[in-house]
Amino acid sequence: MTVGLIKSPQHGFRKSGSCLSNALEFLDEVTNKLDSYSSVDVIYLDFAKVFDNVLCLRLLDKLEKHGTGGNVLVWLKEWLSGRQQSVCVNGHMSSWKEVTSGVPQGSVLGPILFLVYINDLDSSLVSSVHKFADDTKLFGVVDNETHRRMLQKDLQRLCYWSEMWQMPFNASKCTVLHLGCHNNVFDYFMDNHKLDAVNVEKDLGIRITSNLKPASQCQQAYAKASKTLGIIARTI
């Protein structure tokens with residue numbers, strides 16, 4: 001496999017990548033734009049059952065095109081094929097069915113293969129993208145209608161990618177966060193579904209607010225600490 005295959009916007013399951021690196025790079029880029037008196041819109045995307053929707057044959061095709069071949073590719077093909085599953089409800093088992101999609105969760109290779117599968121998600125985009133495994137956010141400067149159309153067009157490109165690779169977005173859980181004092185609060189759509197605008201979004205455990213102030217995150221941490229201290233006080 002080619003060295004440096006996974007693109008830099010991906011922070012999940014990579015050396016030197018983490019939730020912290022994702023947050024720091026994202027906030028640094030956004031605050032620099034806001035300091036230049038620009039407005040920024042952030043679109044938080046939600047995949048539906050993402051690890052289960054990886055098509056094995058298409059994954060193998062991507063691996064081969066990225067330089068994986070020989071015995072390694074044969075071994076991966078054998079590892080992904082021949083899997084079966086059944087469902088047990090109240091002691092009654094269903095018949096066994098062949099598994100043709102999904103990467104084995106709980107394995108070492110599963111997350112890596114998933115990263116390869118979505119590696120080209122942002123290959124044709126103009127706007128900025130940050131990813132942590134399947135957690136993806138698309139954002140850009142939106143000072144005027146032209147900027148809004150550029151961001152909307154990138155969102156449409158992502159929808160086209162999801163249809164082509166059969167990894168649908170859960171549009172009802174995708175949201176928009178408007179940043180900047182003079183933000184025009186534009187609307188964005190995914191397949192004719194208008195995305196909900198929010199004032200706060202939980203981003204990899206951090207509460208990002210429309211004013212980028214940390215008060216909400218501090219309040220949450222204080223409440224959690226107070227609850228823990230209360231439990232300790234009652235039991236010790």
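1. Start with F139. This residue is buried, with a relative accessible area of 0%. The model is a predicted one, and every point below should be read that way.

2. F139 has an aromatic partner, F26. Their ring centres are 5.1 Å apart and their planes meet at 80°, so the pair counts as edge-to-face. The cut-off behind that label is a plane angle over 60 degrees. In total, the structure holds five aromatic pairs.

3. Look next at K62. Its charged end sits over the ring of W165, 3.9 Å from the ring centre. K62 also lies over the face of Y117, where the distance to the ring centre is 4.8 Å.

4. Check the backbone at A133. Most residues other than glycine have a negative phi. A133 is not a glycine, yet its phi is positive, about 60°. The residue is in the loop between β6 (128-132) and β7. A133 is buried, with a relative accessible area of 4%; the limit for that term is under 20%.

5. N192 is placed in the loop between β9 (189-190) and β10 (193-194). Is N192 buried or exposed? N192 counts as exposed, because its relative accessibility is 78% and the term applies over 50%.

Definitions and conventions. Residues are numbered from 1 along each chain as its sequence is written. This is a predicted model: local features need pLDDT of at least 70, side-chain atom pairs count only at pLDDT 80 or more; totals for chains, interfaces and linings use all residues. Side-chain values use heavy atoms; hydrogens and water are left out. Rings of Phe, Tyr and Trp (its six-membered ring) pair if their centres lie within 6.5 Å; planes under 30 degrees apart count as stacked, over 60 as edge-to-face and the rest as tilted. Buried means under 20% relative accessible area, exposed over 50%, partly exposed in between (1.4 Å probe, protein chains only). A charge sits over a ring if NZ of Lys or CZ of Arg is within 6 Å of the ring centre and within 35 degrees of the ring normal. Helices (H or I, at least four residues) and strands (E, at least two) are DSSP runs, numbered from the N terminus.
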